[in-house]
Every structure is written in structure tokens, then in C-alpha cells.
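Reader: I am new to this structure and would like to learn how to read its features one at a time. Could you take me through them, giving the general idea before each case?

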Amino acid sequence: MPARNSKQWTANPPLQRGEWIDSRVYTDDAIFEEELELIFKRTWIPVCHESELPKPYDFRTTSIAREPVIICRGPDNVVRAFLNVCPHRGMIIERRPSGSFYEGQPSGNPKRMTCMFHAWQFDMKGSCVYVSREKEGYQDRLCKEDVGLRRLRCEVKFGGFVWVSLADDPVPLEDWAGAPFECLRKTLDAEPLEVFHYHKAIVDTNYKLWHDTNCEFYHDFMHYHNRVTGFNDAYFARKNEAFDHGHIVVGTFEVNYDQYEGFESRAGLSFPHLPPNQWYMIDLFPGMNFNLRGSALRCDVVTPLGPNKTMIEFRGLGLKRDTKEERQTRINHHNSIWGPFGRNLHEDLIGVQGQGVTMRPGSESRRILHGRQENQTIHDENGMRHYYDEWGRWMNRLPSDPEKSYSPPATIAAE
Ligand code: FES
Ligand SMILES: [Fe+2]
């Protein structure tokens with residue numbers, strides 16, 4: 001068919017429903033607000049890695065669905081998470097991105113989280129341990145025991161990542177993500193890992209578009225490096241496997257790094273229990289990605305800031321016991337592909353920003369195709385179909401027509 005007029009352009013494609021979605025899921029303000037409430041406030045988020053809080057009293061701050069969160073390591077070495085909100089009058093307690101409570105601050109006692117507004121203090125378990133002029137102001141009506149911090153569910157798991165949920169009763173973390181992590185569990189839990197790279201990007205695109213690009217490898221046509229080091233029979237046989245809760249895993253094969261001029265095999269620094277130069281990818285609903293390329297692990301976590309604005313935090317990890325030389329090699333391997341000046345990462349960002357340009361709030365609704373069927377191998381788009389089915393369930397909206405209530409794809413196909 002030649003280029004289409006408006007009616008043809010907006011007509012549904014000749015695919016099954018479930019094989020395409022409506023772009024309003026990326027552009028609609030009300031849908032975005034619902035996603036924060038119904039998805040991000042109820043799921044698990046890997047907010048950081050334990051190596052970023054190595055010592056007792058170390059902390060990091062972040063946010064989930066606009067709620068400020070603080071993660072700290074107690075003197076008992078346990079990592080805990082709390083809302084970073086003072087129970088007195090709601091000031092944010094800690095404003096630094098990271099640091100330590102071990103030493104005193106101009107407006108904070110050592111070993112305490114101190115709200116600088118009226119000097120209330122909390123210990124590393126979130127208990128209130130000091131209310132200034134407590135008796136004078138509250139007599140016997142309110143005491144420290146009544147005003148602890150809001151504790152959040154927090155677990156260190158799957159290679160030492162710190163998982164936090166705002167919900168009191170999320171699906172148990174093991175049930176949530178244990179199955180997709182099975183392919184790398186022995187590898188990630190063999191010995192302590194350490195973050196050696198962190199950067200974040202704020203991108204004018206929807207968070208799901210970023211996750212989409214992590215869920216499909218058809219876009220390897222954009223990555224010259226991947227074509228040169230990968231496009232062979234083993235690459236095209238890689239399985240794209242769906243798991244409960246909207247997650248997928250892209251199976252491994254051996255990458256031929258030496259086919260790319262200037263690159264070298266990563267075999268010498270393979271992660272434990274893996275053959276050389278393997279490449280696994282675990283994509284967790286609603287927007288987390290664990291990407292192990294032989295000698296370096298990358299983790300992406302999205303924070304949705306608006307329908308068309310997303311913060312992505314990127315971490316690179318190696319083995320904690322690396323020698324100085326090994327670590328430098330791992331950093332080079334990581335950065336040559338995923339660093340800001342690497343081969344691939346900026347190409348992915350160009351791709352999703354290009355989508356973001358055509359899908360801003362108010363843009364005309366259009367159909368986004370997820371209909372490639374290749375026996376659930378690497379260029380199949382089953383990962384996205386699987387993701388949006390899960391999204392529909394959480395949101396009670398039909399991804400192909402978000403004004404309608406969710407119904408499963410089998411029902412849709414029979415309509
Ligand atoms: S708002 Fe924190 S002590 Fe008053
Ligand atoms: Fe990519």
C-alpha cells in the first residue's frame with residue numbers, strides 16, 4: 001500500500017489485538033498518574049546495591065512514585081528503608097543523595113537521622129529517639145514511641161541489590177523475581193559484587209519505551225557493534241522467555257567481541273560459573289533490567305517523572321575482590337559498550353527519544369506494533385506482548401484501547 005491517508009493511518013492494523021497497542025498508554029496524563037498509584041507504589045524496586053552502603057551508618061536517598069525514600073545500614077549491618085519524611089510536620093529528613101550518619105553534622109547528632117527543622121532524631125531502625133522539649137510541648141499526650149518513621153519493606157537479594165516496596169504486602173520478593181533470576185542466581189550470588197559505575201539520564205520519553213527497548217533485540221539493526229559481534233546462528237536461536245509477573249529473560253550465546261575492531265574477548269574476566277563471553281538479559285516488570293555481558297553487569301532502573309520524562313539510573317558492577325588491573329579492564333569493557341561514550345547506550349537513547357518526540361501528551365493516538373512472531377526467539381516481540389498484558393492487568397485497562405477494561409489476549413482474539 002502506498003502512503004496512507006488519515007483514516008487509513010489511524011485504522012487498526014491487520015494483526016491480532018494484543019499484537020499492537022495504543023500510544024495513549026505512553027502519552028496520557030491520567031494513565032501516568034494511575035501507573036504511579038497502581039504499579040510503582042505496589043511493586044518491588046531495586047533502589048541501589050549493598051556495596052553503595054558498605055559501612056554501618058551509610059545511607060542513600062531516592063524516591064519511588066514521588067515518595068522520598070532513605071536507605072541506611074544499621075550498626076547491626078542490616079539495610080533498612082524508610083520514607084524520608086519527618087513525622088512532625090513532613091519535612092524531608094535527609095537531603096543529601098548519599099553519605100554517612102556516623103559523624104555529627106552541624107544540624108545532626110552522630111549516629112542519628114536528624115530532621116533539621118525542629119531537631120527530632122531517629123535511629124537506624126527508624127525509631128524516634130529524641131523529641132526536642134518533648135514534655136514541655138506534649139506533656140503526656142504524645143511521646144517518642146508514637147512518632148517512628150514509616151518503615152518500608154526492604155530486602156537485599158539477587159546479587160546484593162537492595163529491593164524496596166512501598167506496599168506493606170507486596171508479592172514476596174522470591175515469588176516476584178526468583179524464577180527469572182534463576183539463570184544467573186549461582187553467578188550473582190557466588191561472591192560479593194561491587195558497583196563501579198553510576199550515571200543517570202533524564203530522557204524525554206515514557207519509561208515503558210525504555211523498557212521496551214530492553215525487552216526486544218530486533219533493534220540490534222541499530223547497533224552496529226551487536227551485528228558485527230553477534231549476527232550468527234547462535235544469536236538468532238537465543239530464546240526470549242516469558243515469566244510470571246510480566247518479566248522476561250533473553251537467553252545467552254557466545255559473543256564474538258574480537259570481531260569488532262579494537263575490542264577484545266572478555267573470557268578472562270567472566271563472572272563465576274559462566275562459560276566465556278556469555279550475555280544474559282533479565283527484564284523485570286515494570287522497568288528494571290539486569291544485563292550481564294561476560295565480564296560486567298549492568299543494571300538499569302527507571303523512575304517515571306512524567307508521561308514523557310523518565311529518569312534512568314545505570315549501574316555497572318564487577319566482583320568485589322577484583323584487583324586494580326582487573327577492575328580497570330572491567331570498567332573498560334563496560335564503558336566501551338554502555339558508558340556515555342560507548343558503542344550502544346547512546347544509540348538506545350536516540351531510539352527512545354525519537355519515540356518520545358512523536359508521543360508527547362496531546363499527540364494523536366497511533367498504533368504501536370508488537371506483532372513479530374519468531375518462535376519466541378530473539379527478534380520475536382513476545383517480551384513486549386507479555387509485558388503489556390501484565391500492565392493491562394495491573395491497570396485494568398486494555399493496552400490496545402486503554403479506555404476499555406482489561407481482558408486477557410485469548411478473549412481479545414475471540415472478540
Ligand atoms: S518537621 Fe521535622 S522536626 Fe519538625
Ligand atoms: Fe540496545
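Reader: How should I describe two packed helices, and at roughly what angle do the axes of helix H6 and helix H11 cross?

Author: Two packed helices are described by the angle between their axes and the distance between the axes. In this predicted model, where local features need pLDDT of at least 70, side-chain atom pairs count only at pLDDT 80 or more, and totals for chains, interfaces and linings use all residues, the axes of H6 (residues 207-215) and H11 (residues 382-395) come within 8 Å and cross at roughly 140°. That makes H6 oblique to H11, since angles under 35 degrees count as roughly parallel, over 145 as roughly antiparallel, 65 to 115 as roughly perpendicular and the rest as oblique. Axes are lines fitted to C-alpha atoms, for helices over the stretch in contact, and angles run from 0 to 180 degrees between N-to-C directions; helices (H or I, at least four residues) and strands (E, at least two) are DSSP runs numbered from the N terminus. Residues are numbered from 1 along each chain as its sequence is written, while chains are lettered from A and ligands numbered from 1 in the order in which they are written.

Reader: Which residues of H6 and H11 make the contact?

Author: Two residues are in contact if their C-beta atoms, placed from the backbone, lie within 7 Å. Here His211, Asp212 and Cys215 of H6 meet Gly383, Met384 and Tyr387 of H11. By class, this contact of H6 with H11 has three nonpolar, two polar and one charged residues, where Ala, Val, Leu, Ile, Met, Phe, Trp, Tyr, Cys and Pro count as nonpolar, Asp, Glu, Lys and Arg as charged, and the others, Gly among them, as polar.

Reader: How do the axes of H6 and helix H10 cross?

Author: The axes of H6 and H10 (residues 345-358) come within 10 Å and cross at roughly 135°, and H6 and H10 are therefore oblique to each other. On the H6 side, Leu209, Trp210 and Thr213 make the contact, and on the H10 side Asp348, Gly351, Val352, Gln355 and Gly356. The classes in this contact of H6 with H10 are three nonpolar, four polar and one charged.

Reader: What separation do the centres of domain 1 and domain 2 have?

Author: The domain assignment, which is automatic or from a database, gives domain 1 (45-135 + 142-155) and domain 2 (172-414). Taken over C-alpha atoms, their centres are separated by 33 Å. Seven residues of domain 1 are in contact with 11 residues of domain 2, and strand E2 (residues 45-49) supplies three residues, the largest share of the side of domain 1 that touches domain 2.
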